[in-house]
Amino acid sequence: MKSILLTVADRISSGLNAIAQAMVLILIASMLYEVVARYVFGAPTLWAFDVAYMSTGVLFVLGAAQALREDAHVRIDFLSALLPARVRGAIDGLAFLAVLCPIFTWLAVIAGQRAWRAFLTGEVEHVSPWAPLMWPFYSALAIGLAALALQILAEGLRALAAPRNDDSFKIEA
């Protein structure tokens with residue numbers, strides 16, 4: 001059962017990472033279009049800023065689970081590197097399972113509720129002249145946060161079961 005959960009979490013993270021990579025292309029294309037429209041044709045777009053902040057937000061939140069899976073996040077581990085791997089794994093596992101997983105699950109639920117409310121009310125971005133619907137953006141954030149919570153659960157279980165033997169930072173005496 002645990003291996004199925006770990007596999008599902010890893011596959012969801014990988015799939016959402018592919019979408020995050022596509023968001024980079026959308027961001028680049030929209031910014032290039034805006035620059036050409038503004039400076040070559042003198043006709044700036046109404047939508048470029050909204051596409052930029054939404055695609056950037058979505059790309060970060062959808063890529064977060066994969067970053068955790070690959071241990072690509074910033075970690076200050078000069079103290080934990082001195083501890084035995086088993087103790088490090090226990091600390092990581094407890095921090096992931098008891099602190100981070102509940103927090104990100106709660107954030108995903110709140111984001112999901114916000115997306116649902118935006119869908120029901122037809123909420124639009126009020127400060128934008130383009131006024132895009134907000135529920136797709138909120139939904140992507142909720143999905144990314146849920147995937148991150150699931151990956152945190154998986155990494156917490158991994159840390160408890162088989163802690164990483166990370167020798168990347170050693171203090172030599």
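## Contacts of Gln66

Contact here means heavy atoms within 4.5 Å. In this predicted model, Gln66 is in contact with Ser13, Ser14 and Asn17, once its neighbours within four places in sequence are left aside. Gln66 belongs to helix α2, which covers residues 48-69.

The relative accessible area of Gln66 is 6%; buried means under 20%, so Gln66 is classed as buried. The side chain of Gln66 is joined to that of Glu70 by a polar contact of 2.6 Å.

## Packing of α1 and α2

Helix α1 spans residues 2-39 and packs against α2 at an angle of about 155°, the two axes being 8 Å apart. Angles over 145 degrees count as roughly antiparallel, and α1 is therefore roughly antiparallel to α2. The crossing of these helices, α1 and α2, is left-handed. Sorted by class, the contact of α1 with α2 comprises 15 nonpolar, eight polar and three charged residues.

## Tyr53

Tyr53 is another residue of helix α2. Its relative accessibility is 24%, and Tyr53 therefore counts as partly exposed. Apart from neighbours within four places in sequence, Tyr53 is in contact with Glu125, Met134 and Phe137. With Glu125 there is also a polar contact, made between the side chains of Tyr53 and Glu125 at 2.4 Å.

Tyr53 and Trp116 are 63 residues apart along the chain, and their C-alpha atoms are separated by 21 Å.

## Packing of α3 and α4

Helix α3 consists of residues 85-121 and helix α4 of residues 135-161. They pack at an angle of about 165°, with 7 Å between their axes. By the cut-off of 145 degrees, α3 and α4 are therefore roughly antiparallel to each other. The crossing of α3 and α4 is left-handed. In the contact of α3 with α4 there are 27 nonpolar, six polar and four charged residues.

## Glu155

Glu155 is located in helix α4. With a relative accessibility of 6%, Glu155 is under the 20% limit and so counts as buried. Leaving aside neighbours within four places in sequence, the residues in contact with Glu155 are Leu68, Arg69, Phe96 and Arg164.

Definitions and conventions
Residues numbered from 1 in each chain as written. Predicted model: local features only at pLDDT ≥ 70, side-chain atom pairs only at ≥ 80, totals over all residues. Heavy atoms only, no water. Axes fitted to C-alpha atoms, helices over the stretch in contact; angles between N-to-C directions. Helix = DSSP H or I, 4+ residues; strand = E, 2+ residues; numbered from the N terminus. Parallel < 35°, antiparallel > 145°, perpendicular 65-115°, else oblique. Left-handed = near helix turned anticlockwise from the far one by under 90°. Nonpolar A, V, L, I, M, F, W, Y, C, P; charged D, E, K, R; others polar. Buried < 20%, exposed > 50% of the residue type's maximum accessible area, 1.4 Å probe, protein only. Polar contact = N/O pair within 3.5 Å; in protein donor to acceptor, adjacent residues only side chain to side chain.
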